[in-house]
Amino acid sequence: GIFSLFEIDRESFVPTYEAFLEFVHPEDRGSVDRTYWESVHGKKSYEFEHRLLMDDGRIKWVNEIGRTEYDDGGHPIRSIGTVQDITRRKQMEAALHEQETQYRRFVDTAREGIWAMDSQHLTSYVNQHIAKMLGCTAEEMIGRPIEDFMFAEDLAGHFQRMAERRQGKGGNYEHRFRHKDGRTIWTIVSATALLDDLGRFQGSFAMFTDITERRQMEARLNEQADFTRRILDSTDAHIAILDAQGIIVDVNTPWSRFAQENQGVGMDKIGPGVSYFCAWSADYGDVAGAAESFDGIRQVQRGERASFEIEYPCHSPTENRWFSLRAMPLLGNTGHVLISHTNISTLKCTEEHLSVALAEKEVLLREVHHRVKNNLAAIIGLMDMQRGIIDDPEGRGILTELSDRIRSMSLVHEKLYRAESLANIDFHDYIQALVSHLRTSFGSPRIQCEVMPRGWRCPWIWRYPAA
């Protein structure tokens with residue numbers, strides 16, 4: 001509305017102005033009164049926003065614009081102006097401010113880093129999370145190019161992405177940043193280009209997720225995997241990892257090399273992704289013991305035995321080969337097992353040579369004992385012939401005693417010659433034969449000879465008298 005106030009100088013303040021102030025919100029009266037009188041004394045127009053108290057208790061926001069007229073003496077005579085109801089606009093501004101405050105609160109407290117840049121790629125906004133992530137304050141980052149927080153070797157890739165961003169392209173990728181103390185911070189970047197209505201580049205906006213711990217863990221796992229791989233590759237054994245279903249998960253380099261050398265069988269036949277239990281085929285040589293091996297491996301997978309080991313032939317068309325298979329469970333009770341095939345062909349060949357040499361040695365030793373026995377028998381025969389031509393009873397007795405002693409030694413060689421093992425003598429059998437010979441030679445009805453049965457132990461314990 002339009003209103004006029006007359007005689008509004010402070011000395012003759014009219015009730016009209018006082019009545020107007022009664023409608024002004026108490027919190028706004030001071031600023032309204034001050035602004036109004038400053039415009040009156042300064043002879044200039046005024047404009048201000050304030051609240052009015054309505055009769056029904058409602059509050060309205062108004063925008064008041066006015067000017068003061070003066071007489072020829074320069075004294076104010078009246079003020080005229082307009083009052084516009086801006087309650088709706090103020091409500092919308094309050095709602096927008098509340099939304100902006102809430103949005104800023106969400107942004108500042110977000111667990112993701114938020115970074116905005118203008119058209120010159122200078123930082124226009126960062127939230128607290130990204131600032132803390134890089135060890136800076138938000139104030140330290142505002143106005144600086146993002147390149148200030150990168151490593152020099154990464155700038156080429158970054159500039160290429162920025163060129164794409166100016167073309168309106170966004171992107172998701174992993175990128176590292178330099179912490180204030182020089183540390184590396186790895187992030188997942190989700191960037192968006194900001195364009196105006198005409199498609200012109202106005203800046204960019206990106207969200208950052210800190211994945212430094214994940215990358216460090218991946219690096220440690222890669223180092224451990226590389227270390228494990230070097231260990232597996234440093235052995236001559238052919239090693240494969242099987243899952244619970246018997247599918248080959250991984251193999252070492254000797255396994256791959258053996259697959260290529262085994263008549264050109266590729267990894268598609270006996271490599272990762274192939275069932276180990278289907279890989280054994282007679283097409284690739286002798287696979288004796290396959291059924292027993294499969295049963296043993298499955299028992300290890302089911303936890304029914306701690307390990308399984310077997311030696312088996314795997315002869316190729318050109319050579320005889322022997323391998324030792326060993327299956328061991330992996331930690332975690334997942335049914336995964338490690339299968340190791342070790343070529344023991346050289347060992348087997350050595351064992352065969354040793355077996356042949358040992359057999360030849362036993363034949364030789366038996367022949368030696370046989371010849372010694374025969375020689376001793378010849379000596380005994382000569383003594384018996386000599387005893388037959390001697391008339392002296394004492395001389396015959398001496399020859400008889402010597403013959404018996406030689407016969408006892410001959411008996412030992414005979415037992416060795418006839419024994420299954422040259423390393424052992426059946427002493428019980430030897431004693432029986434020796435006693436039988438003594439009884440025949442020196443038998444007397446008054447002498448009884450008894451040989452105790454096998455396993456019998458003497459019940460007597462000899463004790464020495466005390467000193």
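Predicted model: local features only at pLDDT ≥ 70, side-chain atom pairs only at ≥ 80, totals over all residues.
Let's start with Glu69, which you'll find in strand β3, the stretch covering residues 59-70. Its relative accessibility comes out at 18%, so Glu69 counts as buried, the cut-off being under 20%. What does its side chain do there? The side chain of Glu69 makes a polar contact with that of Arg67, at 3.4 Å. Leaving aside residues up to four places away in sequence, Glu69 also touches His75, Pro76, Ile77, Arg78 and Ile80.

Now for the rings. The model has 11 aromatic pairs. One of them joins Trp115 and Phe208 in a tilted arrangement, with 5.7 Å from centre to centre and 50° between the planes. Trp115 belongs to strand β5 (residues 113-118) and Phe208 to strand β9 (residues 201-210), so this pair ties together parts that are 93 residues apart in sequence. Both Trp115 and Phe208 are buried.

Phe277 and Phe294 pair up too, this time edge-to-face, with centres 5.1 Å apart and planes at 75°. Here the partners come from helices: Phe277 sits in α10 (residues 276-279) and Phe294 in α11 (residues 290-301), so the pair links parts that are 17 residues apart in sequence. Phe277 and Phe294 are both buried.

Two more spots are worth a look. The charged end of Lys90 sits over the ring of Trp61, 4.5 Å from the ring centre. And ring pairs join Tyr36, Trp37, Tyr46 and Phe48 into a cluster.

Note on methods: Residues numbered from 1 in each chain as written. Heavy atoms only, no water. Helix = DSSP H or I, 4+ residues; strand = E, 2+ residues; numbered from the N terminus. Buried < 20%, exposed > 50% of the residue type's maximum accessible area, 1.4 Å probe, protein only. Polar contact = N/O pair within 3.5 Å; in protein donor to acceptor, adjacent residues only side chain to side chain. Contact = heavy atoms within 4.5 Å. Phe/Tyr/Trp six-rings, centres within 6.5 Å; stacked < 30°, edge-to-face > 60°. Lys NZ or Arg CZ within 6 Å of the ring centre and 35° of its normal.
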